Amino acid sequence: MVRAGVVGTHLPTSGLDIFGDLRKMNKRQLYYQVLNFAMIVSSALMIWKGLIVLTGSESPIVVVLSGSMEPAFHRGDLLFLTNFREDPIRAGEIVVFKVEGRDIPIVHRVIKVHEKDNGDIKFLTKGDNNEVDDRGLYKEGQNWLEKKDVVGRARGFLPYVGMVTIIMNDYPKFKYALLAIMGAYVLLKRES
C-alpha cells in the first residue's frame with residue numbers, strides 16, 4: 001500500500017487566521033509590521049494635509065453625490081478643488097459649499113453675485129439640473145451664501161471614479177465584503 005502525500009506542505013486551517021500568524025511572529029517581526037502600518041497611515045495623512053495646504057481647501061477632493069449638476073458633472077465624478085481666498089467668486093463658477101445644519105457639502109453653480117463697495121460678496125447658487133435656485137437648501141432665513149460658506153471651487157474632475165465611495169455608502173455590506181476580499185487576498189498572497 002502506497003500513501004500519497006507531499007512532505008512539508010502547509011495548509012492553513014483558516015484563511016483568516018490572522019491572530020495565529022501574529023502569535024507565530026517574534027517581537028521584532030511584530031514591531032516591524034506595526035511600524036509599516038503606522039508609516040502607511042501617517043503617509044496618507046501627510047499627503048492629505050499637504051493637499052489642504054496647497055489647494056487652500058479644507059476638502060481638496062470631493063465626490064458628486066447627486067445628479068443635480070448634470071450634464072456638467074454626474075453622480076460619482078471626483079472633483080478637485082481649490083479655495084484661495086483672494087480669488088473673487090464669479091457667476092458661472094462651480095463651487096462646493098456647506099450650509100449650517102447639513103453635514104454633506106453641495107456642488108452647484110453660482111448664478112448671481114452681489115458685491116458691495118466694502119468688498120463683501122454674497123452669491124446665489126443653483127444646480128444645473130434643478131428647476132429653482134438653492135434658497136430652499138440654505139439655512140432658514142438665509143437667502144445668499146458668503147465666502148465663508150465655500151469649501152472649494154471645482155478646478156478639474158475624473159468621471160465616475162467616486163462611484164466606489166457611493167456604492168460603499170449606499171450598500172454597507174459591500175464595504176465589508178470588499179474588506180474581506182482584500183484581507184483574504186493579502187493572506188493568500190502571504191502564504192504563497
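Predicted model: local features only at pLDDT ≥ 70, side-chain atom pairs only at ≥ 80, totals over all residues.
**Overall fold**

The protein has 192 residues, of which 26% count as buried, and its secondary structure consists of four helices and seven strands. Read along the sequence, these elements follow the pattern α-α-β-β-β-β-β-β-β-α-α. Among the contacts with a separation of 6 or more, 55% are made by residues 24 or more positions apart.

An unreviewed UniProt entry annotates residues 30–48 as a "transmembrane region". In the model, this span is 100% helix and 0% strand, and its end C-alpha atoms lie 27 Å apart.

The seven strands form an open sheet in the order 1-2-7-3-4-5-6, with antiparallel pairing. Strand 1 and strand 6 stand at the edges and have a single partner strand each, so one side of each is left without a neighbour in the sheet. As a general point, strands of a sheet pair through backbone hydrogen bonds, either parallel or antiparallel.

Because five of the six residues of strand 5 are buried, the strand is largely enclosed by the rest of the structure.

**The largest pocket**

The largest pocket holds about 430 Å³ of space. Of the 18 residues that line this pocket, the closest to its centre are Val63, Leu65, Ile104, Pro105 and Ile106. Strand 1 (61–63) and strand 4 (106–115) are the elements that give two or more residues to the lining. By class, the lining is made up of 12 nonpolar, four polar and two charged residues.

**Individual residues**

| Residue | Relative accessible area | State |
|---|---|---|
| Arg153 | 1% | buried |
| Phe73 | 7% | buried |
| Tyr160 | 47% | partly exposed |

Arg153 is found in strand 7, which covers residues 150–158. With a relative accessible area of 1%, Arg153 lies under the 20% limit for a buried residue, and is therefore counted as buried. Leaving out residues up to four places away in sequence, Arg153 touches Phe80, Leu81, Thr82, Asn83, Phe84, Asp87, Pro88, Ile89, Glu93, Ile94, Val95 and Lys147.

Phe73 has its place in the loop between strand 1 and strand 2, and is buried although it belongs to a loop. When its neighbours within four places in sequence are left aside, Phe73 is in contact with Val64, Leu79, Ile94, Ala154 and Phe157. Phe73 and Leu158 are 85 residues apart along the chain, while their C-alpha atoms are separated by 9.6 Å.

**Backbone features in the loops**

Most residues other than glycine have a negative phi, and most peptide bonds are trans. Against that background, two places in the loops deserve a look. In the loop between strand 1 and strand 2 (78–82) lies Pro71, and the peptide bond from Glu70 to Pro71 is cis, with omega near 10°. Phe73 is placed in the loop between strand 1 and strand 2 as well.

Tyr160, which is not a glycine, has a positive phi of about 60°. This residue lies in the loop between strand 7 and helix 3 (163–170), and with a relative accessible area of 47% Tyr160 is partly exposed.

Conventions. Residues numbered from 1 in each chain as written. Heavy atoms only, no water. Buried < 20%, exposed > 50% of the residue type's maximum accessible area, 1.4 Å probe, protein only. Contact = heavy atoms within 4.5 Å. 1 Å grid on protein atoms, 1.4 Å probe; cavity = no way out; pocket = protein on both sides within 12 Å on 5 of 7 lines; lining within 4 Å. Points joined across faces, edges and corners; volume = space filled by probe spheres on them. Nonpolar A, V, L, I, M, F, W, Y, C, P; charged D, E, K, R; others polar. UniProt positions renumbered as here; feature names shortened; annotations may be inferred. Pairing = 2+ DSSP bridges.
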